[in-house]
Structures are given as structure tokens and as C-alpha cells.
Amino acid sequence: MPTKYAYLTIDDAPSADMRRKIDVLGKWGIKAIWFVRGELLEDNLADIIYAIRQGHIIGNHSYDHPKFSKISLKDCKNQVYSTDQLIEKAYFLSGRPQLVKLFRFPFLDKGAGNDYENLRWDDPHVLALQQFLGRMGYQQPIFEDINYTWWQRAGLDECLDIDCTFDTYDWAPLEKDPPHGYSGLRELLARMDEDEPESGKGLNYPASNDIILMHDFEETADLFEPMVNHLLEKGISFKLPI
Ligand SMILES: [Zn+2]
């Protein structure tokens, strides 16, 4: 059986726990893509520089995490641009080249909400945002062998922002009423073992690699290492798209 690979993406960094997470990943030689918020980056540049020097990729996740369908195009552009500048500064200070520019929308909202079934790439706001990302040098790198039909049907392999094929729901325990009962570690680990590849639960599905979404929230710091360990126990290997 071919090795199943995953690209690990970690959103809403940097938190005070980021450096510990980097060291957890370092034990296994895992490199991740960290989608950072500009507002958090300004006071934590040292942790970002540490991540870059450890071989991780820093991606843009807006300045302060609004829903891009709810704000003007001008405000969207400012969100991307201001964080772009901060990331560029972090790479400059790290002494390492920025090899690729990656963007993830807050809430995976590409400008028309996050409902993939109804996502229209010709929606003027969505289209303008994609064009702006292109002009800013953002790209969809080559994520090898992402073979889910729902992924391709939604156009998620061709857009200039980065989506995910597996949401770990590590954010769910923070909700007052956790969706689908994902209230803690036990439930989240069990979710990783489910077999519904065409519903975003394909970690057991050998014919596709995955882009996994986790978060750098301090409140759920305890979930991080056991979740990564479970992915490793499942035989998943990790790589970067460059
Ligand atoms: Zn986020």
C-alpha cells in the first residue's frame, strides 16, 4: 500500500504555545504550514522566525480574522496586504528566503460564505479576491495526490487560496455546544478513524493524501500532541508542498 501523506496546516498562529508545538513536531521531523494572523504576529515575531528557521512555512490568514463575505473588497485587500508585509519582514529577519506565498481565508470563507455546494467562482466578490491573491503572488502549490472528487468538484485544487481536506475539529471543544458532540480528545481521535472520504473524513482512505487543519489555540494546547501522535499511529507521513 502506498504511503499516505498529509500536509499539516495550523491556523490562527502565533499563540504563546506555538514554540512548544514546533518542538513537539520537531521530535518527529514534521514541518507544517502555519497560517498566521497579522494582529498576533506583531508581538510574536521571534516565534515566527524560530518556525521559519526550523523549516516551517508561514502563510497568511488575514490581519484580524473577519469573514471576507461580510467586509468590503477594500477591507479584504487591507487584511491580506498588511499581514503580507509582516510575514515578509519575518522572513527577512530570519535570513531565509520566502519560497512560496500561501493564503487561507478566515473561516474558509472565500468571499461568499463557506458553503462549498453553492460556491460560485464567478461571484464578483469571490473572483475579485482570487484575482487580488494572484496579483499579490499567492498560489496553490502542488499538493500531490489529493484525489477526493468533492475537492476537485468544488474547484479547491485550482483556486489561489488553501483549503483543507480534513478539519480536525480541534476548535469544537471551545464551543458552548460542540458541533456533532466533538467535545474533547476522545471524540476527536475517534473522528480521525471514521471512513467517509467523500465527506471530509478520509484519513483511512489510501487513494488520497490529505491537507489537515489544526489550530494554534492556547485553550486547546493539550489536544495538540495526542492528536499528532494519533495521526502518526495511523501511519500517516507528513510533508510540505515545496
Ligand atoms: Zn482561523
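Biologist: Rings of Phe, Tyr and Trp (its six-membered ring) pair if their centres lie within 6.5 Å, with planes under 30 degrees apart called stacked, over 60 edge-to-face and the rest tilted. Which residues form one aromatic cluster here?
Modeller: Phe68, Phe103, Phe105 and Tyr138 do. This is a predicted model, where local features need pLDDT of at least 70 and side-chain atom pairs 80 or more, while totals for chains, interfaces and linings use all residues. Numbering runs from 1 along each chain as its sequence is written, and side-chain values use heavy atoms, without hydrogens and water.

Biologist: How many aromatic pairs does the structure hold?
Modeller: There are 10. One of them joins tyrosine 7 and phenylalanine 143 edge-to-face, at 4.9 Å centre to centre and 80 degrees between the planes. Tyrosine 7 lies in strand β1 (residues 5–13) and phenylalanine 143 in the loop between α5 (124–135) and α6 (149–153), so the pair ties together parts 136 residues apart in sequence. Helices (H or I, at least four residues) and strands (E, at least two) are DSSP runs, numbered from the N terminus.

Biologist: New topic: what are the protein donors of the zinc ion?
Modeller: Asp12 (OD), Asp12 (OD), His61 (NE2) and His65 (NE2), at 2.0 to 2.5 Å from the zinc ion. Donors are N, O and S atoms within 2.8 Å of the metal (3.2 Å for Na, K and Ca); water is not among the atoms, so sites may look incomplete.

Biologist: And what spacing do the donors follow along the chain?
Modeller: D-x48-H-x3-H. Aspartate 12 lies in strand β1 and histidine 61 in the loop between β3 (57–60) and α4 (73–94), so this pair ties together parts 49 residues apart in sequence. Aspartate 12 is buried at 4% relative accessible area, and histidine 61 is buried at 1%.

Note on methods:
Buried < 20%, exposed > 50% of the residue type's maximum accessible area, 1.4 Å probe, protein only.
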